[in-house]
Amino acid sequence: MSLKRLPGLLWGGRRCFLQVLLPSSRGLWYCKKSTSARKPVSPSGTEAKNAIDALFSSEQQSVILQFLNSASEEELSAVKLLQGKKSLNVIEYRNNHGPFQELQSLLQVPSFQYKTVVKVCNLILNPLEKEEKKNCNPMSARKCISPPIKRSSLKTANSIVSIVFGVQKISWAHVNRDLVVQNWHLENYRHKEETFTPAVYLETVSTIISKIPEADFYVLEKIGLSPTNAALFPVTLHLRIMEAVLYALLQKSFGKDGQPQVLSIARNAVGRYFGLMLGESRISGMELVKQFLLDSAKQTARVSFANNVVARHMHIVSGNSWKREEELCDSLLQAIAFYELLVFDTDEMS
C-alpha cells in the first residue's frame, strides 16, 4: 500500500465526508496492555513476541501488516528505520515465508530486535509525527492545549467535563476543583459496520451533548494521528469530524461571553504526565485508575468519587470482568492532568 494514494483520497474527500465506513473493531490508540508502571526495557523470547502485539490495537496491527506485506522496496525505504538492508530483508522474508501474519514475525527478520520493531511500527503509523517534549510540566503545560486561553480563566475553573472518544465509544468525566468525580459515563455511540452521514453525525453528537452536565470547561482529547497515512484515512477523517462537531455544538450549547469553553489537550501530554509512555506509544492507564478507586476512601486520596459513581464503577477493580473500557480510564486521567497541570499550578506558569 502506497502513501501516494492519499491525494486521490483527498480528491474524493467530499464523498468520504458524506459517507464514512469505519473498521468494525475498536479505536486505534488504546493499547491492550494493562499496566501503569511499565519500563521501556527490551523483553526476550516469548515475552517479547507477546509484548509487541500488546502495544498495538487490532486496527493498528492490520494497518502495519498491510503496509509491510504490500510496500515496494522504495516505499519501505521511505520509513526511517527501514532504509538500506532492512527493507531488503523484509522483502526477502516475504518471498521466502509469505505475508507477515502478525507483528511478532518481524523478530524473525535479520537485523530486527524488539526496540527496532516497536519503532518501525510507530513510524509506519505516524510517518511525519514530530517528536514531542519528553516532559510535560506546569511551565510548558499551556502549550499542550488549544486554543490559547488566559491564565486567569483557568484559575477560576470550578468544574470541567473531560471527554474522550474512539471509533465506537465515548466517555466523559465530570470532575470538580476538589478532584471529586461527580459523574463518570461511558457509552457506545456507533454500532459495528455503521455508516455515518452528516445527518447521523449531527444527531449522534447532539444526543451525546444532551446528556453532558454543565461545567466551566469541556476538555477534548486531541489525537496525534498523521493525516498522510492513507491506510488510516477513513478513521482519521471520522475522528476529525467527530471532534469538529463536538467542538461546535459544545461551544454553542455552553459558550459564555465569546470566550472558549471547549479546549483540546494532547493525548501524549497526559500520557507523559502519568508516566504512561513506552517510546512514542501510550500504554493503558487501567491500573492507575484502579488504584484511584481503591484509594478513594482514604483521607489522603488523590481523587474522590461521589457514592453513586463508586458503586457504578467498582467493577473496574475486579480484573477480568472489565472489558477494556479504555475511554473511561482516559477521560478520568485527562481530567486529573488538566487540573494538576493547568489549574492548580497556574501561578507558576509562564
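First, some ground rules. This is a predicted model, in which local features need pLDDT of at least 70 and side-chain atom pairs count only at pLDDT 80 or more, whereas totals for chains, interfaces and linings use all residues. Residues are numbered from 1 along each chain as its sequence is written, and side-chain values use heavy atoms, with hydrogens and water left out. Helices (H or I, at least four residues) and strands (E, at least two) are DSSP runs, numbered from the N terminus.

Let us start with strand S3, residues 159-165. Is this strand mostly covered or mostly uncovered? Seven of its seven residues are buried, where buried means under 20% relative accessible area, exposed means over 50%, and partly exposed lies in between, with a 1.4 Å probe and protein chains only. In a regular strand, side chains alternate between the two faces of the sheet. In S3, Ser-159, Val-161, Ile-163 and Phe-165 lie on one side, with Ile-160, Ser-162 and Val-164 on the other, and both sides are covered.

Which strands pair with S3? Two strands pair if DSSP finds at least two bridges between them. Strand S4, residues 169-176, runs antiparallel to S3 and is joined to it by seven bridges. Phe-165 has Ile-170 as its bridge partner in S4, and the two strands form a hairpin with three residues between them. Strand S7, residues 217-222, pairs with S3 in the parallel sense over four bridges; there, Val-219 stands opposite Ser-162.

Side chains of opposite charge can pair when their charged atoms come close. A salt bridge here is a side-chain nitrogen of Lys or Arg within 4 Å of a carboxyl oxygen of Asp or Glu, and the structure holds eight of them. One joins Lys-222 to Glu-243, with the closest N and O atoms 3.7 Å apart. This pair links distant parts of the chain, since Lys-222 is in S7 and Glu-243 is in helix H10, residues 233-254, 21 residues apart. Lys-222 is partly exposed at 37% relative accessibility, whereas Glu-243 is buried at 11%. Glu-243 also forms a salt bridge with Arg-240, at 3.6 Å between the closest N and O atoms. Both of these residues lie in H10, three residues apart, about one turn of the helix.

Next, the aromatic rings. Rings of Phe, Tyr and Trp (its six-membered ring) pair if their centres lie within 6.5 Å; planes under 30 degrees apart count as stacked, over 60 as edge-to-face, and the rest as tilted. The structure holds nine such pairs. Phe-196 and Tyr-201 have ring centres 4.9 Å apart and planes at 80°, so they are edge-to-face. Both are buried. Tyr-339 and Phe-344, by contrast, have centres 5.7 Å apart and planes at 25°, so this pair is stacked. Tyr-339 is buried, at 0%, while Phe-344 is partly exposed, at 40%.

Finally, consider helix H7, residues 114-125. Its expected span is 1.5 Å times one less than its number of residues. Nine of the 12 residues are buried, among them Tyr-114, Val-117 and Leu-125.

Thank you for your attention.
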